[in-house]
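Please look at the sequence and the structure below before reading on. The paragraphs that follow take one topic at a time.

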Amino acid sequence: TGLLTVPLGLPALVVPPDVHAGSRVDVWVTLESDAGRLVSRPRLRDVVVIAAPAAAEGFGASGERQLVLGVAESQEEELGQVLAAVGEAPITVVGRD
């Protein structure tokens, strides 16, 4: 399968400061459940960070950070869920060792 390359603009506070090109991360999205409670779930697992410029290099003083992720085509549906959540629901990037 191929690798999809996708940029995400996220608040700098939801990206661990040690995330860099070559890091592996999970991307979690927080949505309201049917019961009306907020639930966080991983939508992308073990994706590679292609590029991760520092906030000052990416989006300036806006407090956002860009991550360029390499996502396996097998996670295309989950990628769509993450892209739909950008700007609409809280997203958190979790670093992997």
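The model is a predicted one. Asp46 is not a glycine, yet its phi is positive, at about 55°. Most residues other than glycine have a negative phi. Asp46 is partly exposed, with a relative accessible area of 36%.

Asp46 also takes part in salt bridges. Side chains of opposite charge can pair when their charged atoms come close. The count of salt bridges in this model comes to three. In one of them, Arg24 pairs with Asp46, and the closest N and O atoms are 3.0 Å apart. Arg24 lies in strand S2 (residues 24-32) and Asp46 in strand S3, so this pair ties together parts that are 22 residues apart in sequence. Arg24 is partly exposed, at 35% relative accessibility.

Another salt bridge joins Arg96 to Asp26, with the closest N and O atoms 2.8 Å apart. Because Arg96 lies in the segment after strand S5 (91-95) and Asp26 in strand S2, the pair ties together parts that are 70 residues apart in sequence. What is the relative accessible area of Asp26, and is Asp26 buried or exposed? Asp26 is buried, with a value of 6%. Arg96, in turn, is partly exposed, with a relative accessible area of 39%.

Arg96 also forms a salt bridge with Asp46, at 3.5 Å from N to O. Here the segment after S5, which holds Arg96, is tied to strand S3, which holds Asp46, so the parts brought together are 50 residues apart in sequence.

In soluble globular proteins, nonpolar side chains tend to be buried together. The largest nonpolar core of this model has 21 residues, and Leu67 and Leu69 touch the most other members. Two or more residues of this core come from each of these elements: strand S1 (3-11), S2, S3, strand S4 (64-72), helix H2 (76-85) and S5. Which residues does Leu67 touch, leaving out those up to four places away in sequence? The residues are Val6, Pro7, Leu8, Leu10, Val15, Val19, Val49, Ala51, Ala52 and Val93.

Which residues of H2 are buried? Leu79, Val82 and Ala85 are buried in H2. They cover an arc of only 125° around the axis, so they are on the same side of H2. An α-helix has 3.6 residues a turn, so residues three or four places apart point the same way. On the other side of H2, Glu76, Glu77 and Ala84 are exposed. The buried residues of H2 pack against S1, S2, S3, S4 and S5. Just after H2 comes Gly87, which takes a positive phi of about 80°.

Note on methods. Residues numbered from 1 in each chain as written. Heavy atoms only, no water. Buried < 20%, exposed > 50% of the residue type's maximum accessible area, 1.4 Å probe, protein only. Salt bridge = Lys/Arg side-chain N within 4 Å of Asp/Glu carboxyl O. Helix = DSSP H or I, 4+ residues; strand = E, 2+ residues; numbered from the N terminus. Core = buried A, V, L, I, M, F, W, Y, C linked by side-chain atoms within 4.5 Å. Contact = heavy atoms within 4.5 Å. Arc of directions from axis to C-beta.
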